[in-house]
Structures are given as structure tokens and as C-alpha cells.
Amino acid sequence: MMHMIICCGLPILILLSLPVVARYSPVAATVLGFIAPFICPIMMGGMLFMIFGGNKKKSCHTHIREESESRRFD
């Protein structure tokens, strides 16, 4: 849930803060304005990599089977 809050909330906060940032540094405001729309897709790509690329040794079914067996013996 926190990942989704950051993914959606961070670009909104950046866009809302652009007028304040532009007063002090117009170049920084321009850079932030270009980066803000791409924050969510980049974070989602990282999340998908962690979900699907993190544990290649065990399949989902093996993990579920091991977890159910460990619960029986407790």
C-alpha cells in the first residue's frame, strides 16, 4: 500500500510544489516538471522486477506447499 501512495502521491506533490520551486530555481522546476510524470512508471517497473525476478529458485506452488507443511507441524 505504501508503494502505491508514494507512486501516486509523489508526482502530485512535485507538481503542486513547482510554483514555489520555480521562484528560487526555474531550471530545477523545469527538470522536476519533466521527471514527475515518469516517477510512477519507473517505480512500477521496479516493483514488477522485485515481484517476478526476485525469487527464481522456488516457484509459487513450492512456496505455498512448504508454508502449509510448516503450519501442520506447529
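The protein exposes about 6300 Å², of which carbon and sulfur atoms supply 73% (Shrake-Rupley method, 1.4 Å probe; for residues, only the protein chains shown count as cover). Of its 74 residues, 9% count as buried (buried, under 20% relative accessible area; exposed, over 50%; partly exposed, in between; 1.4 Å probe, protein chains only). The model is predicted: local features need pLDDT of at least 70 and side-chain atom pairs count only at pLDDT 80 or more, whereas totals for chains, interfaces and linings use all residues. Residues are numbered from 1 along each chain as its sequence is written, and side-chain values use heavy atoms, with hydrogens and water left out.

The protein has four helices and zero strands, in the pattern α-α-α-α along the sequence. Helices (H or I, at least four residues) and strands (E, at least two) are DSSP runs, numbered from the N terminus.

Two packed helices are described by the angle between their axes and the distance between the axes. Axes are lines fitted to C-alpha atoms, for helices over the stretch in contact, and angles run from 0 to 180 degrees between N-to-C directions. Helix H1 (residues 2-24) and helix H3 (residues 39-53) pack at an angle of about 160°, with their axes 9 Å apart. H1 is therefore roughly antiparallel to H3 (angles under 35 degrees count as roughly parallel, over 145 as roughly antiparallel, 65 to 115 as roughly perpendicular and the rest as oblique). On the H1 side, the contact (heavy atoms within 4.5 Å) is made by His-3, Met-4, Ile-6, Cys-7, Leu-10, Pro-11 and Ile-14, and on the H3 side by Ile-39, Cys-40, Met-43, Met-44 and Met-47. By class, this contact has 11 nonpolar, one polar and no charged residues. Ala, Val, Leu, Ile, Met, Phe, Trp, Tyr, Cys and Pro count as nonpolar, Asp, Glu, Lys and Arg as charged, and the others, Gly among them, as polar.

The axes of H1 and helix H2 (residues 26-35) come within 7 Å and cross at roughly 160°, which makes H1 roughly antiparallel to H2. H1 contributes Ile-14, Leu-18, Val-21, Ala-22 and Tyr-24 to the contact, and H2 contributes Pro-26, Ala-28, Ala-29, Leu-32 and Gly-33. The contact of H1 with H2 has nine nonpolar, one polar and no charged residues.

Gly-33 lies in helix H2 and is partly exposed, with a relative accessible area of 27%. The C-alpha atoms of Gly-33 and Leu-15 are separated by 6.8 Å, the two residues being 18 residues apart along the chain.
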